[in-house]
Amino acid sequence: MEKTCTEVWKNCLQIIKDNIPNQSFKTWFEPITALKLEGKVLTIQVPSLFFYEWLEEHYVGLLRKTVKKQLGEDGRLEYNIVVDKSSNSGSPYTTNMPSNGNGAEAKIQSMPIPVSINKDIKNPFIIPGLKKLNVDPQLNSNYTFENYIEGDCNRLARSAGYAVAAKPGGTSFNPLMIYGGVGLGKTHLAQAIGNEIKRSMPDKLVIYVSCEKFCQQFVDSLKNNTINDFVNFYQAMDVIIMDDVHNFAGKEKTQDIFFHIFNHLHQSGKQVILTSDKAPKDLAGLEERLLSRFKWGLSADLQIPDLETRIAILRKKMYADGIELPGEVVEYVAHNIDNNVRELEGAMVSLLAQATLNKKEIDLNLAKQMLKNFIKNTSKEISMEYIQKLVCEYFEVPVDMVKSQTRKREIVQARQISMYLSKSHTKSSLKTIGAFFGGRDHSTVIYACQTVEDLIDTDKKFKAYVHDIQKKLKMS
């Protein structure tokens, strides 16, 4: 029985998933769909030209191997690329490209290309002979790529930002929209792009403006009858960085004026950078024609940084400020403040300020005391339930299995360590611990604790496991 295109691509995805980070898989492979299988040629559909370019640059080797494994040595991969028309209809068209990993030349079918109506029309607001505008970009000089720590949570957005900074208006991601929750670094990254452009291309006119400020400027221009000057100013920019575009919601006239400014900049090959707390598809209160333009380029999300990235952020700040802190203090702060980079840095500043004012040495106890306003439940007693959850997450075993009667080695190990830590870190009796872990008696708990202690003394790997979990409990 012959395989379908869906089955072949599903098998390819299973191999790919085992060979790349989970976040990369979700970003670059989950949006792909299989379209058809003709002989030994598998056609997949990708959402944009940028997707195609990224896959061919970073994953072509892996794709080639997986396709050949599924279809044989003659197996080939072809892309079907969805490209948005630059028109009010916003309807997409597609084009096919064979993967360059096959040794084939990439061919693009003929397609209608929208004509730039401003190509040969001079801007009526620019008077020949006048000196070029000198504009303060309104950028924070501390917001640079060097100060922006890269991790899985922001790699796509940061890479796209570098590309835009190197060639503003000349990449396939224009506009570049950076979106994510509060305190994850949207403004930092957007301004880092602007700072890099000004550093390498000082003649470029770059402006950073918050959506709220833009709206207020528009209202003032209406009151003062200077709307033409307002529009002319922003149309003269080479790069506009608009922060928090979700604040356009409900402001129809301001949306309309930005729509026309956006069109002029885009058709003139100028760069637009946007930030938002939501993806374009989730933005409410914005006109459809404006939303469709936000989707023309690349939308890159910033996610919550993992522990390693949070530690790197704190170490970078320490280095910049010329200070040193004990490793356990840095790990404590990074472990407990896990959803907001701004809050993470604020906690570090607070800790340093308290230590300086009170002339105390910064240690773990001082960190716990000083950061109660940032860290929730610091004084909460560790429970057996929490210990069990932490151990199960560490060994990647189901929580309910630890309380079951199974004798599988990995489950028994997790159960015994949980009992051992419950005895060490809670005030529960042996009888209570045994009852919690599946109705076992106190002698089972004693045996489990003795077994763990013996293995700690004789097995280095096991000892490392226990110490690692104890470290996580200490951080809690």
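Strand β5, which spans residues 176-180, pairs with β9 in the parallel sense over 5 bridges, where strands are DSSP runs of E with at least two residues, numbered from the N terminus, and two strands pair if DSSP finds at least two bridges between them. The model is predicted, so that local features need pLDDT of at least 70 and side-chain atom pairs count only at pLDDT 80 or more, while totals for chains, interfaces and linings use all residues. Residues are numbered from 1 along each chain as its sequence is written, and side-chain values use heavy atoms, with hydrogens and water left out.

**Strands**

- Leu 176 stands opposite Leu 298 in β9.
- Strand β9, residues 298-302, has a covered face made up of Leu 298, Ala 300 and Leu 302, and an uncovered face with Ser 299 and Asp 301.
- In a regular strand the side chains alternate between the two faces of the sheet.

**Salt bridges**

- The structure holds 11 salt bridges, each defined as a side-chain nitrogen of Lys or Arg within 4 Å of a carboxyl oxygen of Asp or Glu.
- Arg 155 and Glu 150 meet through their side chains at 2.8 Å, N to O, and a network of salt bridges links Glu 150, Asp 152, Arg 155 and Arg 158.
- Lys 36 and Glu 38 form a salt bridge at 3.9 Å, N to O.
- In the salt bridge between Lys 278 and Asp 277, the closest N and O atoms are 3.8 Å apart.

**Accessibility of the partners**

- Glu 38 is exposed at 53% relative accessible area, whereas Lys 36 is partly exposed at 37% (buried means under 20%, exposed over 50%, partly exposed in between, with a 1.4 Å probe and protein chains only).
- Arg 155 is partly exposed at 35%, and Glu 150 is partly exposed at 36%.

Terms used:
Helix = DSSP H or I, 4+ residues; strand = E, 2+ residues; numbered from the N terminus.
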